[in-house]
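Dear colleague,

Please find below the structure that I am handing over to you.

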Amino acid sequence: MSSFTEKYGKSVVDKEGKPATISADCEYVGLYFSAHWCPPCRGFTPVLGKFYDSHHEAKKFEIVFVSSDRTPDAFAEYFKEMPWLALDYSNRDLKTELGDLHGVSGIPTFIILNAKDCSVV
């Protein structure tokens, strides 16, 4: 099986939209399906952000925002509020593929994957 980085790493970006690297010692990757227009998402994002800031280095995990925003501008505005990485907004096919693969039927949805083999934890 392929690691998360091998399978999807080229589609992960930082705040400037540049390719981002997930650390080789990362053990878990959280996929955060969310959108700016979604009130429950807007409530959960700050809570998840506090947890991330407190634990991501010690627990060796990364979070990747998978946006359901309707426009690139809405994505960019919402992503500014998050301390983690994101799936490149322009890769809508991969967003759909990941949602289908993990049975995402609503947002917010948070799925934790083993970073080494992409299995759901």
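Cys118 lies in the segment after strand S5 (109–114); helices (H or I, at least four residues) and strands (E, at least two) are DSSP runs, numbered from the N terminus. Cys118 has a positive phi of about 65 degrees, although it is not a glycine. With a relative accessible area of 12%, Cys118 is buried (buried means under 20% relative accessible area, exposed over 50%, and partly exposed in between, with a 1.4 Å probe and protein chains only).

Please note that this is a predicted model, in which local features need pLDDT of at least 70, side-chain atom pairs count only at pLDDT 80 or more, and totals for chains, interfaces and linings use all residues. Residues are numbered from 1 along each chain as its sequence is written, and side-chain values use heavy atoms, leaving out hydrogens and water.

Lys60 also has a positive phi, of about 55 degrees, without being a glycine. Lys60 is found in the loop between helix H2 (39–59) and strand S3 (61–67) and is partly exposed, at 34%.

In helix H4 (residues 92–101), Leu94, Leu98 and Gly99 are buried. They cover an arc of only 135 degrees around the axis, and therefore lie on the same side of H4; the arc is that of the directions from the helix axis to the C-beta atoms. The face turned away from that buried side carries the exposed residues Asp93 and Asp100.

Finally, Pro108 lies in the loop between H4 and S5, and the peptide bond from Ile107 to Pro108 is cis, with omega near 0 degrees.

Yours sincerely
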